Amino acid sequence: MTSCLSVPLTSFGALSAQLNDLEPQCRRVALVTGSDCGFGSRVASLAMATLTLRDDEYDTKPEDGGCATFYHLTKAQAEMSANNLDLAARHINQMEGEPRSLVTDWLRDARALLELQQSAKVLLNYAKSLNH
């Protein structure tokens, strides 16, 4: 396990901007969900991303026939807009295949920031308990 001290810390704002930058890249490969996907899957995925309008309120769950990548990206971006990095990371963590490989660095940075925030809360609560 990597300690947050060994990973350069990325701010919440930078993570939000990175996620916005990754969104179109993930959309282009949304159908490439496994290592066995070939050229046809990549072409179909690119065509779908090109022909599909971006919907900030995309809410069709994968189990209901929706695109998992679109669903999790939309939910993650909504959580980032609500300043909830934890839930955003949980959605991004559910992505699979090629989209997942594109967000690996983002997830690592998000986890490092979450680890630091959690450690700070523990230390603050400990300091408060000593003052009572």
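Angles under 35 degrees count as roughly parallel, over 145 as roughly antiparallel, 65 to 115 as roughly perpendicular and the rest as oblique. The model is predicted, with local features needing pLDDT of at least 70 and side-chain atom pairs pLDDT 80 or more, while totals for chains, interfaces and linings use all residues. Residues are numbered from 1 along each chain as its sequence is written, and side-chain values use heavy atoms, without hydrogens and water.

**View 1. Helix α1 (residues 12–28) against helix α6 (residues 104–130).** The two pack at about 160°, with axes 11 Å apart (axes are lines fitted to C-alpha atoms, for helices over the stretch in contact; angles run from 0 to 180 degrees between N-to-C directions). α1 and α6 are therefore roughly antiparallel. Helices are DSSP runs of H or I, at least four residues, numbered from the N terminus. F12, L15, Q18, L19 and L22 of α1 meet W106, D109, A110 and L113 of α6 (contact: heavy atoms within 4.5 Å).

**View 2. The helix α6 and its buried residues.** α6 has 27 residues and reaches 39 Å from first to last C-alpha, close to the 39 Å expected at 1.5 Å a residue (1.5 Å times one less than the number of residues). Buried residues (under 20% relative accessible area, 1.4 Å probe, protein chains only) include W106, L107 and D109. The buried residues of α6 pack against α1, α3 (68–81), α4 (85–93) and α5 (97–102).

**View 3. Helix α3 against helix α4.** α3 and α4 pack at about 170°, with axes 8 Å apart. They are therefore roughly antiparallel to each other. Among the contacting residues are Y71, H72 and M80 of α3 and L85, H91 and I92 of α4.

Conventions
Buried means under 20% relative accessible area, exposed over 50%, partly exposed in between (1.4 Å probe, protein chains only).
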